[in-house]
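Dear colleague,

Here is the structure I said I would send over. My notes on it follow below.

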Amino acid sequence: QFPRQCATIESLRSGMCCPDYFPVFGPGTDQCGVSMGRGRCVPVTVDSRPHGPQYIHDGQDDREQWPIRFFNQTCRCNGNFSGYNCGSCRPGWSGPTCSQQINIVRRNLLDLSAEERRRFVNALHQAKVTIHPDIVITTRRREEIFGPDGNTPQFENISIYNYFVWSHYYSVRKTFLGAGQQSFGGIDFSHEGPAFVTWHRYHLLHLERDMQNMLQDPTFGLPYWNFATGQNTCDICSDDLMGARSNFDVSLISQNSIFSQWRVLCENIEDYETLGTICNSTEGGPIRRNPAGNVARPMVQRLPEPEDVARCLEVGVFDTPPFYSNSTDSFRNTVEGYSDPSGKYDPAVRSLHNLAHLFLNGTGGQTHLSPNDPIFVLLHTFTDAVFDEWLRRYSADISTYPLENAPIGHNRQYNMVPFWPPVTNNEMFVTAPENLGYSYEVEWPGQALHVTEMITIAIVTALVLVAIIFAAVACIVRVKKNKDELHQPLLTDQYQHYSDDYDGIPRPSQSVV
Ligand SMILES: O=C1C=c2cc(C(=O)O)[nH]c2=CC1=O
């Protein structure tokens with residue numbers, strides 16, 4: 001969450017986190033790359049608009065008005081420069097002066113060749129075991145951050161992938177209210193509100209960027225898992241991808257997969273909640289996964305259908321009051337999966353993103369743990385692809401993204417917790433190819449038909465058919481009649497009489513034809 005350079009007593013005491021970019025003349029001489037015009041150190045801007053009624057313990061949580069409890073000065077970078085010291089480029093830009101535009105393609109995992117699959121799995125594993133070069137995590141709440149002796153800052157190193165896991169945990173952890181008191185759970189900075197899509201978008205961008213740097217490959221793109229194919233099986237759970245099922249334990253991953261060796265972070269949730277501690281980088285047990293195996297909840301033994309995605313994309317309003325998990329006719333609540341795919345809120349329903357999580361039935365289905373299962377990455381890139389398609393179809397209409405009164409952390413201008421440098425939800429509400437330098441190689445299912453539409457189409461088709469039959473019959477009758485007329489004898493009775501009488505001499509009452 002914070003740059004290693006800022007994890008010091010001095011930095012915390014001063015509230016300033018503006019690391020040098022290229023300090024030729026000693027520490028503090030090139031804060032934010034100021035000497036080369038990359039950026040400068042400025043006060044942090046925080047969202048101080050009111051939040052919704054769900055959170056009732058103002059003043060008690062370090063994540064309020066993020067990141068002001070830790071730092072109040074940060075780098076603001078110029079142009080396309082970006083990052084904690086303005087040493088990197090904004091998404092979509094690369095090169096030494098960040099002037100080259102780039103586009104990363106995120107592809108369907110199942111479309112990757114055998115070699116591409118192998119490289120992706122290896123890259124994930126490398127991220128799991130490589131210490132993050134820039135970021136450290138806090139392992140205590142702010143009031144305990146100076147350590148027991150008041151002089152030992154409570155930060156830890158963490159691997160690149162484990163930082164991805166930890167940042168999700170930190171965004172969903174409960175508010176500690178004191179020893180002996182129950183922690184407060186009505187708080188979540190990344191789910192059940194409009195920031196669901198923006199937060200997870202940034203979360204993925206961060207991992208993708210970290211992996212690009214680790215691999216020294218600026219073209220590396222995260223693939224996606226289309227979890228809405230109409231099949232109710234985990235089609236990416238094979239040993240060349242996310243790992244098959246173990247033959248020895250239905251809820252473990254096969255030993256032929258490297259992911260069977262992964263160990264999960266943030267398991268000791270009861271400890272964190274009762275002791276007021278924070279998950280650290282210590283790993284625990286293996287990933288558990290039992291797709292479609294939750295016999296106690298048959299509703300989550302299936303995956304979403306392609307029509308569910310098509311229908312969800314027809315919900316044209318981004319979010320609706322109360323901007324929470326009970327919002328109805330809200331695209332965000334529909335793709336998140338608390339509403340049915342047509343947008344109607346129903347407390348008994350789990351669809352799209354939520355259904356895919358619950359289908360995994362194990363580590364990937366528990367919010368504080370879910371990113372430990374690498375399927376999380378692929379499930380969320382697909383969810384982000386749906387969000388991006390929505391942004392394209394509705395011209396990124398932000399008018400229904402609330403500026404205030406959304407659940408805490410979800411207002412439009414709120415800095416997403418726990419990222420550094422500060423980045424607002426607003427900044428992720430843009431079409432990805434044009435603004436963030438990546439796009440999805442994906443085909444969307446056709447427009448879904450509602451039952452009423454299907455009935456209307458059936459009735460209209462039937463009426464048209466009846467009309468065609470009538471017209472055809474009328475046509476046949478008319479043709480037949482015309483034919484009959486043509487076959488009339490050329491000399492009628494009347495003509496015969498006339499010709500019988502005709503002697504070649506015209507008379508006033510007779511005429512020659
Ligand atoms: O990891 C997650 C697990 C989830 C379970 C639900 C649910 O609807 O019960 N939602 C989830 C979101 C997650 O991110």
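**An exposed phenylalanine and its patch**

F22 counts as exposed, because its relative accessibility is 53% and the cut-off for exposed is over 50%. Please keep in mind throughout that this is a predicted model. In the chain, F22 sits in the loop that runs between β2 (16–17) and β3 (39–43). F22 also contributes to a nonpolar surface patch, together with V24, F25 and M36. The area of that patch is about 520 Å².

**Helix packing**

Helix α4 (residues 195–215) packs against helix α9 (residues 375–393). The angle between these two is about 125 degrees, and their axes are 10 Å apart. That angle makes α4 oblique to α9, since the cut-off for roughly antiparallel is over 145 degrees. The crossing of α4 and α9 is left-handed.

Helix α4 also packs with helix α3 (residues 160–172). Here the angle is about 165 degrees, with the axes 10 Å apart. α3 and α4 are therefore roughly antiparallel to each other. Their crossing is right-handed.

**Cis peptide bonds**

The peptide bond from W66 to P67 is cis, and its omega is near 5 degrees. P67 is found in the loop between β3 and β4 (73–77). The bond from W420 to P421 is cis as well, with omega near -5 degrees. P421 belongs to the loop between α9 and α10 (432–435).

**Positive phi values**

C98 has a phi near 55 degrees, which is a positive value in a residue other than glycine. The loop that holds C98 lies between β7 (93–94) and β8 (100–101). Is C98 buried or exposed? C98 counts as buried, because its relative accessibility is 1% and buried means under 20%.

E192 also has a positive phi without being a glycine, with a value near 60 degrees. E192 is placed in the loop between α3 and α4, the two helices described above as roughly antiparallel. At 21% relative accessibility, E192 counts as partly exposed, because the cut-off for buried is under 20%.

Regards

Note on methods. Residues numbered from 1 in each chain as written. Predicted model: local features only at pLDDT ≥ 70, side-chain atom pairs only at ≥ 80, totals over all residues. Heavy atoms only, no water. Patch = residues over 30% accessible without salt bridge, like charges linked within 9 Å, V, L, I, M, F, W, Y side chains within 5 Å. Areas by Shrake-Rupley, 256 points an atom, 1.4 Å probe, with all protein chains shown as cover. Salt bridge = Lys/Arg side-chain N within 4 Å of Asp/Glu carboxyl O. Helix = DSSP H or I, 4+ residues; strand = E, 2+ residues; numbered from the N terminus. Buried < 20%, exposed > 50% of the residue type's maximum accessible area, 1.4 Å probe, protein only. Axes fitted to C-alpha atoms, helices over the stretch in contact; angles between N-to-C directions. Parallel < 35°, antiparallel > 145°, perpendicular 65-115°, else oblique. Left-handed = near helix turned anticlockwise from the far one by under 90°.
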